[in-house]
Amino acid sequence: MESSNSGDKMNYKVAFQGEPGAYSEAAVLAHFGENVKPIPNPSFELAFAAVADGSCDFGVLPIENSLAGSIHRNYDLLLEHQLHIVGEQLVRVKHCLIGLPGADKARLKKVISHPQALAQCDHSLRALGVEVEAVYDTAGSVRIMKDKGDPTLAAIASARAAQVYGMPILQEGIEDNPANYTRFLVLAREAVNPQGAAKTTIVFTLKNMPGALFKALSVFALRDIDLTKIESRPLAGSPWEYLFYIDFAGNLNNPNCARALDHLGEMATMLRVLGSYPRFVWEEK
């Protein structure tokens, strides 16, 4: 890849979770450009597996949303697979109310979508006075609506999903909070050496003893390394013990960052670098 923002123009196969028109597909196209081949997968597990077994060149998976928080399953899958984070992509989530041709918003009785999308549009849906029903995917909800052919049924998904299924948008920007962004990770079988502004993601475990986490974090503070994200996950098979995932600003090959990881390795019972990669720079359009 050339960089996390420009992407490569080669005809890569890129795995994502969801159906055509999903926000994850939008992340694929935003990162790599229009010349890639997005490959839909019904689950996060299958998207990871498609990269691991070589059937796809890259994977683009959501890791956190600015409103809903972390996607915990994908943190677990990062540890289960020997893949590398080679980039990141932010996508502005703009929910649209999508109906059948000729549908009247005032006559809607039910709206379907992914549970998270429904939650993010709660106030707008209450104002419409409709019943809501959760389904497995935002883009998939448009397909379901189209197949049912019921003009009183609508879906919440992206504008791209409306385009993919040829359905009209009844209302744009139906989300309650416009500050809605999802961060995606780009995964590959081989690591990259980023140039310029970079970010590194690691995971580690510690002995359960007083001050252990404080001491671990101090290796970064002492070197003025910016921690941009901290996440803890239960350690399978060890009740009340945890894995700690950290994103920090810096390149693994920077001597200051390398010394911090060497220092952390002296106290961690397990330490794994999940990737050093170009840091995404948001350019509002």
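# Reading a predicted model, feature by feature

Modeller: Let's begin with L77, which sits in helix α3, residues 72–80. Keep in mind as we go that this is a predicted model.

Biologist: Happy to start there. Is L77 buried or exposed?

Modeller: The general idea is to look at relative accessible area, where buried means under 20%. L77 has a relative accessible area of 1%, so this residue is buried. Leaving aside residues up to four places away in sequence, L77 touches F44, E45 and F48.

Biologist: And which residues does the salt bridge of E45 involve?

Modeller: The general idea is to look for a side-chain nitrogen of Lys or Arg within 4 Å of a carboxyl oxygen of Asp or Glu. Here the side chains of E45 and R73 form such a bridge, with N to O at 2.8 Å. E45 belongs to helix α2 (residues 44–52) and R73 to helix α3, so the bridge ties together parts that are 28 residues apart in sequence.

Biologist: How accessible is E45, and how accessible is R73?

Modeller: E45 is partly exposed, with a relative accessible area of 32%. R73 is also partly exposed, at 32%.

Biologist: How many salt bridges does the count come to?

Modeller: The count comes to 16 salt bridges. One of them joins R183 and E64, with N to O at 3.1 Å. This pair links distant parts of the chain, as R183 is in strand β11 and E64 in strand β3, 119 residues apart. R183 counts as buried, since its relative accessibility is 7%.

Biologist: With which residue does K199 form a salt bridge?

Modeller: K199 pairs with E88, and their closest N and O atoms are 3.1 Å apart. K199 lies in strand β12 (residues 198–206) and E88 in strand β5 (residues 84–92), so this bridge ties together parts 111 residues apart in sequence. K199 and E88 are both buried.

Biologist: Which residues are linked in a network of salt bridges?

Modeller: The network links E64, E88, R183, K199, K229, E231 and D247. That puts the R183 and E64 pair and the K199 and E88 pair in one network.

Biologist: Now for a charged residue without a salt bridge. What surrounds R272?

Modeller: R272 is found in strand β15, residues 268–278. R272 is buried yet has no salt bridge, and the nearest side chain of opposite charge, E80, is 9.7 Å away. Not counting residues up to four places away in sequence, R272 touches L78, L79, H81, Q82, L83, T201, I202 and V203.

Biologist: How should I read the backbone angle phi?

Modeller: Most residues other than glycine have a negative phi. In this model, D224 has a positive phi of about 55° although it is not a glycine. D224 lies in the loop between α8 (212–221) and β13 (227–234) and is exposed, with a relative accessible area of 73%.

Biologist: What is the phi of W240, and where does W240 lie?

Modeller: W240 has a positive phi of about 70°, and it is not a glycine either. Its place is in the loop between β13 and β14 (242–249). W240 is exposed, with a relative accessible area of 70%.

Biologist: Let's turn to pockets. What is the volume of the second largest pocket, and which residues lie nearest its centre?

Modeller: To read a pocket, take its volume, then its lining, then the elements behind that lining. The volume is about 380 Å³. The lining has 19 residues, of which Y23, S24, P62, H114 and Q116 lie nearest the centre. At least two lining residues come from each of α1 (23–32), β3 (58–65), α4 (115–120) and β11 (181–188). The largest share, three residues, is from α4.

Biologist: How far is Y181 from N65?

Modeller: Their C-alpha atoms are separated by 5.7 Å, although the two are 116 residues apart along the chain. Y181 is in strand β11 and counts as partly exposed, at 24% relative accessibility.

Technical notes:
Residues numbered from 1 in each chain as written. Predicted model: local features only at pLDDT ≥ 70, side-chain atom pairs only at ≥ 80, totals over all residues. Heavy atoms only, no water. Helix = DSSP H or I, 4+ residues; strand = E, 2+ residues; numbered from the N terminus. Buried < 20%, exposed > 50% of the residue type's maximum accessible area, 1.4 Å probe, protein only. Lys, Arg positive; Asp, Glu negative; His and termini not counted. Contact = heavy atoms within 4.5 Å. 1 Å grid on protein atoms, 1.4 Å probe; cavity = no way out; pocket = protein on both sides within 12 Å on 5 of 7 lines; lining within 4 Å. Points joined across faces, edges and corners; volume = space filled by probe spheres on them.
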